[in-house]
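Reader: I am new to this structure. Please take one part and look at it closely: how are the metal ions held?

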Amino acid sequence: MIYHFAEIEGKWQKYWREHKVFNVRPDSKRKKYYVLEMFPYPSGKIHMGHVRNYTIGDAYSRYKWMQGYNVLHPMGFDAFGQPAENAAIKNKTQPDIWTHKCIAWMKAELEKMGFSYDWDREISTCESSYYKWNQWIFLKMFERGLAYKKEAFVNWCPSCETTLANEEVVDGGCWRCYTKVEQKDLEQWFLKITEYRERLLEDLQQLKDWPQRVIAMQSNWIGKSSGVEIYFRLKDNDKVIPVFTTRVDTIFGATYIVLAPEHPLVKEIIKSKAEEKEVLKFIRKVSRESKAIRSSEDVKKEGVFTGSYCINPVNNEAIPIWIADYVLMEYGTGAIMAVPTHDQRDFLFAKEHKLPMRIVIKKPDPSSMGAPSNQKPEDLAEDYEGDGIQINSGQFNGLPNQGAKIKIAEWMEKGGIGRIQTHWRLRDWLISRQRYWGTPIPIIYCQKCGTLPVPYEDLPVELPKDAPFTGKEGSPLSKVKEFVNVPCPKCKSPARRETDTMATFFDSSWYFLRFCSPKFDREPFSKEETKYWMPVDQYIGGIEHAILHLLYSRFFTKFFKDLGMLDFSAEGGSANLGGGDEPFRKLLTQGMVLKDGEVMSKSRGNIVDPDSIIKKHGTDTLRLYILFAAPPEVEMEWSERGIEGAFRFLNRVWRLLEHLKQKPQTQTLSPELQKKMHRTIKEVTKDLESFKFNTAISAIMELVNEIYQNLDTDITEAVKTVILLVSPFVPHLAEEMWQRLGNKESVLKAEWPEYEERFLEEAVITIVVQVNGKLRSKVEAPTDINEEKLKELVLADEKLKSWIKGSPIKNFIIVPKKLVNIVI
Ligand SMILES: [Zn+2]
Ligand SMILES: [Zn+2]
């Protein structure tokens with residue numbers, strides 16, 4: 001019996017499609033489960049990264065189906081964005097045509113993978129039936145002051161010819177093309193995500209089933225810090241420089257302050273000073289450096305003295321004012337107080353420029369028994385950032401610094417020389433893009449009436465098909481006269497349309513809601529249907545979205561909740577999304593697929609095309625291999641031998657059908673096989689709950705081995721169990737075998753097998769250990785221990801060691817599951 005995978009896979013994909021097996025509707029009598037993988041850019045072909053991401057989601061969905069859940073598992077395309085526009089420029093076609101072609105290719109490939117999607121819910125963000133709602137949401141935000149336009153220094157990618165959000169700048173480069181990001185002064189549209197910062201931070205605590213890493217990344221990005229804003233008065237006049245610090249306990253050790261070169265006071269304080277020329281030269285130099293370089297840890301910090309002084313308000317000392325490259329205008333107040341003894345960067349900077357230092361926190365020293373510290377700042381080899389006792393700190397001397405922090409802050413506030421404050425790192429989200437292939441921002445500018453929203457009844461503002469997009473020379477929409485020139489919706493006089501488009505992260509911030517009611521035409525989504533389906537129970541995607549898409553989606557969901565558009569609550573699981581405004585209950589971030597230790601990529605030339613594997617060994621082999629090769633969260637190294645191994649295993653499972661036809665000598669299931677079967681069910685179920693597909697699959701492999709050792713008994717029940725257990729991973733093979741066993745319905749409709757406790761006993765056996773034929777010890781071992789492990793276990797036994805006493809072992813005899821005899 002040959003395993004004709006191509007025939008089987010084609011047959012079942014057709015069956016699933018024609019019978020709409022994966023199509024679902026809300027059903028109040030059944031429990032729902034929403035599994036979602038981050039939808040792809042339609043770049044054309046699917047790659048191994050997609051295959052891994054979607055196979056994980058698919059196996060899990062199928063498992064949930066068999067557990068009896070009503071499973072929503074949709075798929076769509078994140079279809080706007082620069083890749084399509086660039087490809088269209090390169091291939092001399094329209095982004096619209098290009099994108100639809102890519103979607104058709106990708107959809108065919110996804111179907112070939114046998115993924116269990118409800119294709120009736122397919123969405124593409126580039127359709128006006130979708131982006132109309134982007135515009136609708138934008139207008140709702142505009143009405144509430146959450147979408148606004150302002151002039152600001154913004155990130156500009158010269159290669160993509162567009163602005164970027166802070167979240168899209170990675171190590172100073174464009175997240176998409178790695179080009180060094182520049183700063184440009186432009187008028188742009190922003191979303192006021194900062195209005196939600198408190199909730200975005202607070203509610204991270206609800207996300208118990210998210211990776212800790214992602215929680216930490218979001219928390220850092222939002223960046224809440226409590227401290228004191230201290231007012232340093234200039235020595236020469238009454239101007240004040242506010243400085244924010246989280247370490248007010250070190251204020252008595254502040255021996256100079258440093259301003260960002262862009263600080264508005266700089267020009268004033270250097271005026272007609274001897275240092276003026278040098279300072280201006282330094283400012284020009286810094287303006288050419290990227291912020292990432294300026295703030296990175298391993299680059300030497302440079303700075304110059306301004307010639308001016310200010311007063312440290314706690315002790316009235318005059319301290320010098322410097323400017324330095326590592327202080328950025330964006331963070332805090334654009335000025336820092338420097339405490340070289342208790343901050344590493346200040347320490348290195350002070351040493352370099354021979355600036356004064358003073359110790360104000362005494363390191364706890366157990367040997368000194370409280371004797372006065374003899375430490376001199378000149379002798380310090382490094383700074384000390386830990387806790388200790390205040391010294392050189394006036395009335396606060398002798399207090400532990402943590403307690404002093406609060407006392408000093410209150411004292412400063414009372415004296416009017418400081419104010420207790422909270423600072424945030426998160427900035428508003430810049431969404432304007434000067435590119436063609438995105439959602440037009442629905443705004444009209446009238447000379448008489450000002451900035452006006454496009455009336456709701458005029459939505460969608462459609463993208464004109466004939467824009468001259470070249471990727472160069474500014475916004476393409478601004479060149480389409482019929483698009484730009486419109487009558488003012490209020491006074492009807494000639495007006496101008498906004499020509500920027502929205503960042504595509506806008507589109508993906510709510511697509512998971514659209515999937516709940518993809519054809520709903522009164523609002524972006526139906527409150528009724530999202531009430532049934534939301535939240536997404538299991539979300540799966542790449543870690544690269546930790547602070548982009550995942551933060552924006554949380555923001556949008558909270559906004560919809562505030563608008564009264566959502567009414568879901570989450571039950572079950574360890575997470576309690578009590579607020580009903582968190583979109584994703586559980587999150588899994590899958591690892592990358594490597595070849596020869598490197599990420600698969602065109603430029604490295606190490607791509608393995610999923611198609612080639614499917615042609616040679618079938619989809620099920622590819623699916624099984626990719627799940628078996630490594631746990632989902634970690635990187636996996638591609639291996640051709642692994643593929644061969646997966647294929648051999650599937651053949652072995654397939655041939656079980658043949659053995660079923662032969663009449664066995666014994667008409668009952670062997671007790672060993674029965675035990676193994678129940679244990680395997682228990683293990684696989686437990687593993688699937690925690691996404692340990694690799695160990696689940698290896699447990700099934702062992703069960704198959706056990707079946708082959710019991711071919712003389714009735715193996716029917718065991719084979720049935722194998723088919724059910726293996727079906728989430730290799731659904732085509734499982735369907736075919738299931739049908740050949742006489743079942744009429746899809747295996748997906750079968751129940752997930754359950755184990756019986758009574759078969760799980762005796763997981764441990766006692767093994768008699770002899771030395772030269774005489775009983776010397778007994779050890780307990782798992783029933784299924786292999787020889788290698790058993791040998792290790794026996795030799796580690798203390799009792800036995802005392803009998804052998806280091807004598808060389810001549811022979812090691814094992815009687816399986818009973819006895820070991822060691823000959824010395
Ligand atoms: Zn770029
Ligand atoms: Zn007007």
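**The zinc sites**

Author: Start with the zinc ion (ligand 1). Cys157, Cys160, Cys174 and Cys177 coordinate the zinc ion (ligand 1) through their SG atoms, at 2.2 to 2.3 Å. Keep in mind that this is a predicted model.

What is the geometry of the site of the zinc ion (ligand 1)? The site is tetrahedral, and the angles among its four donor atoms run from 100 to 119 degrees. For comparison, the ideal angle for four tetrahedral donors is 109.5 degrees.

Now follow the chain. The donors of the zinc ion (ligand 1) are spaced as C-x2-C-x13-C-x2-C. Among them, Cys157 and Cys174 link distant parts of the chain. Cys157 belongs to strand 3 (residues 147–157). Cys174 belongs to strand 6 (residues 173–174). Are they buried or exposed? Cys157 is buried, and Cys174 is buried too.

Next comes the zinc ion (ligand 2). Its protein donors are the SG atoms of Cys446, Cys449, Cys488 and Cys491, which lie 2.2 to 2.3 Å from the ion. This site is tetrahedral as well, with angles of 107 to 113 degrees among its four donor atoms.

Along the chain, the donors of the zinc ion (ligand 2) follow the spacing C-x2-C-x38-C-x2-C. Cys449 is in the loop between strand 19 (443–446) and strand 20 (450–453), and Cys488 is in the loop between strand 21 (485–487) and strand 22 (494–497), so the pair ties together parts that are 39 residues apart in sequence.

How accessible is this pair? Cys449 is partly exposed, because its relative accessible area is 26%, which falls between the limits of 20% and 50%. Cys488 has a relative accessible area of 0%, so Cys488 is buried.

One more feature deserves a look: the second largest pocket. About 930 Å³ of space lies in this pocket. It is lined by 29 residues, and the closest to its centre are Lys676, Arg679, Thr783, Asp784 and Lys817. Helix 22 (671–689), helix 23 (693–708) and helix 26 (787–795) each give two or more residues to the lining. Helix 22 supplies the largest share, eight residues. By class, the lining of the second largest pocket has 13 charged, nine nonpolar and seven polar residues.

Key: Residues are numbered from 1 along each chain as its sequence is written. Chains are lettered from A and ligands numbered from 1 in the order in which they are written. This is a predicted model: local features need pLDDT of at least 70, side-chain atom pairs count only at pLDDT 80 or more; totals for chains, interfaces and linings use all residues. Side-chain values use heavy atoms; hydrogens and water are left out. Donors are N, O and S atoms within 2.8 Å of the metal (3.2 Å for Na, K and Ca); water is not among the atoms, so sites may look incomplete. Four donors count as tetrahedral if all angles lie between 85 and 135 degrees; four count as square planar and six as octahedral if opposite donors are over 155 degrees apart and all others between 65 and 115; anything else is irregular. Helices (H or I, at least four residues) and strands (E, at least two) are DSSP runs, numbered from the N terminus. Buried means under 20% relative accessible area, exposed over 50%, partly exposed in between (1.4 Å probe, protein chains only). On a 1 Å grid over the protein atoms alone, a cavity is a set of points where a 1.4 Å probe fits but cannot get out, and a pocket is an open set with protein on both sides within 12 Å along at least five of seven lines; lining residues have an atom within 4 Å of a point. Grid points are joined across faces, edges and corners, and a volume is the space filled by probe spheres set on the points. Ala, Val, Leu, Ile, Met, Phe, Trp, Tyr, Cys and Pro count as nonpolar, Asp, Glu, Lys and Arg as charged, and the others, Gly among them, as polar.
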